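The sequence and model come first, then my entries.

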Amino acid sequence: MPLTGKRLLLGVTGGIAAYKAAELARLLVKRGADVRVAMTEAATRFITPVTMQALTGQPVWTDLWDPRVSDAMGQIELSRDRELIVIAPATADFMAKLAYGLADDLLSSLCLARRCPLIIAPAMNVEMWQNTATQRNAARLREDASIAFAGPAAGDQACGEVGYGRMSEPADIAAEIEAQFAPKKLSGKRVLVTAGPTEEPVDPVRVITNTSSGKMGYAVARAAQEAGAKVTLISGPVALATPAGVERFNVRTADEMFAAVKKAAPKSDVFISVAAVADYRPKERSPRKLKKMNGRPVTLELIQNADILAYVAGMKNAPFCVGFAAESEDLAKNAAEKLKKKNIPLIAANLAQDAFGAEDNAIKLYDRRGAHDLGRGPKIELARKLIAHVAGKLPKSK
Ligand code: CTP
C-alpha cells in the first residue's frame, strides 16, 4: 500500500467541507497510514471528534491544554514524530494564521512547531478565496518550500455560489499526499529554466516587450526544485517571488538572457526554455528619449535576436532541452515544426490566449513520437506533470 506506516497528522479546521475530512481519513487509513487527527474548536461544530476517532482508531486532539499530554508540551509532542501534516479543510482564517505564524490553538501550534512538510487543502466561499487578503496569504504560503497546496477546486459550493474555493476531493488530496512520499525524480540533476518576458529598449524610457507574466516558468522552476533538482532560474522582468530553494538571476533583454544561459547551460542536465523571448530588438537604441514627429509616421527597424533554445540544443553535450510554444492556432502542426527547427526532443504547447498571465493553463507535450496531453489546471500542477514526464526521459543518474 502506498502509505503503509506513514505517520500523518490530519488537521481539520472549521468549514462545511469538514465532513469530507472523514472520507479523507478513511482513505488514508485504508492506504496504510497512521493517522492522528487534530481539530480546531470550530471544526468540532461541523463534525464530531468521535467520528474521526472511529475512523482512525486513535484519540482525537482538540485542546492546547489537554491533560493527556503529560508535560503540557502537546504542540511539540504531537507533531514531532509526524512525517507530514495535512490541513483539510483549511479555512481562510487558518491560512491567515499559518501565513503569519500565529499559534493560539492546538492545531496552529502544531503547524508552527513542526519539522515536517505541510499540505493545505483550502476550502471556502469563492469570494473569500478571491479576496486580496486570502490571495496574499496563499502567495506567502506558496513561497515556503515545506508547504504544498492541494486545490482548491472549482465548482458548486455549499453556499450556492460557483467558483474556486471548494475543497479538492479526498481522493485528489490523498494523491497529493502520496506524491509527497514518492521518490524525488530529479535528485542529483541540474535544471536550468528561463521565465518571463524580455524587454528590448527603444530609448531610455521605452521598451518592446510582451505580456508573459512568468508564472508558468516559475511554476516549472518550483516543480523541478520539489523533485529534488538543483534549479537555476534566469528571469526576465516579472513581479514574482523566487521559489524557495531556487537560484535566480535577473535579466532584462534577450541578449542578457542569452549570455546568462550560455554560462549556465554547460553545467545543466535539463534546459526548460519557458521565457517568452523577444524575437526582435530595435536595431538602434536611441540614447535620448525619442520626440514626437509632428504627425509623420515613424519607422522602427528591428533585427532578430539569437534563438537561445536552438543554440543550447546545438551545443556539444547539450542538456535535455524542452521548448515552450505559445501559439494562437494549429498547436500540433506548429509544435512539430518547432521540434524540428530547433532540434529539441520535447516541446510543451499551449494556446497563447489561454496561457499569458492566467493562473490556469492547458498544455500538450509533443515529441517525435506524438502528443501527450497534460490537460488543464493550475500552472503548478501542470509544471509537476511536465517535470515527471521530463524525469522519465533522462538517463538514470550514476
Ligand atoms: N525561444 C528562445 N529564443 C528566442 C525565441 C524563442 O529560446 N529568441 C524559445 C522560447 O523560450 C520557447 C521556444 O523558443 O521555448 C518557442 O518560442 P516561439 O517564440 O514560440 O517560437 P519561434 O521559434 O520564435 O517561432 P515563431 O515566433 O515563428 O512562432
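Which residues have the most contacts inside the largest nonpolar core? Before answering I noted that this is a predicted model, in which local features need pLDDT of at least 70 and side-chain atom pairs count only at pLDDT 80 or more, while totals for chains, interfaces and linings use all residues. Residues are numbered from 1 along each chain as its sequence is written, and side-chain values use heavy atoms, with hydrogens and water left out.

I found 36 residues in that core, with Leu186, Val191, Val193, Val220, Ile272, Phe324 and Leu386 having the most contacts inside it. A nonpolar core here is a set of buried Ala, Val, Leu, Ile, Met, Phe, Trp, Tyr and Cys residues joined through side-chain atoms within 4.5 Å, and buried means under 20% relative accessible area (1.4 Å probe, protein chains only). I also noted a second, separate core of 32 residues, which includes Ala22, Met39, Val60 and Ala174.

Seven of its seven residues are buried, so strand 4 is largely enclosed by the rest of the structure. Strand 4 runs parallel to strand 1 (residues 7–12), joined by four bridges, and pairs (at least two DSSP bridges) in the parallel sense with strand 5 (residues 118–122) over four bridges.

Last, I looked at helix 11 (residues 254–264), where Ala254, Met257, Phe258, Val261 and Ala264 are buried. Seen down the helix axis, the buried residues of helix 11 fall within an arc of 135° (taken from the directions from the axis to the C-beta atoms), so they line one face.

Note on methods. Buried means under 20% relative accessible area, exposed over 50%, partly exposed in between (1.4 Å probe, protein chains only). Helices (H or I, at least four residues) and strands (E, at least two) are DSSP runs, numbered from the N terminus.
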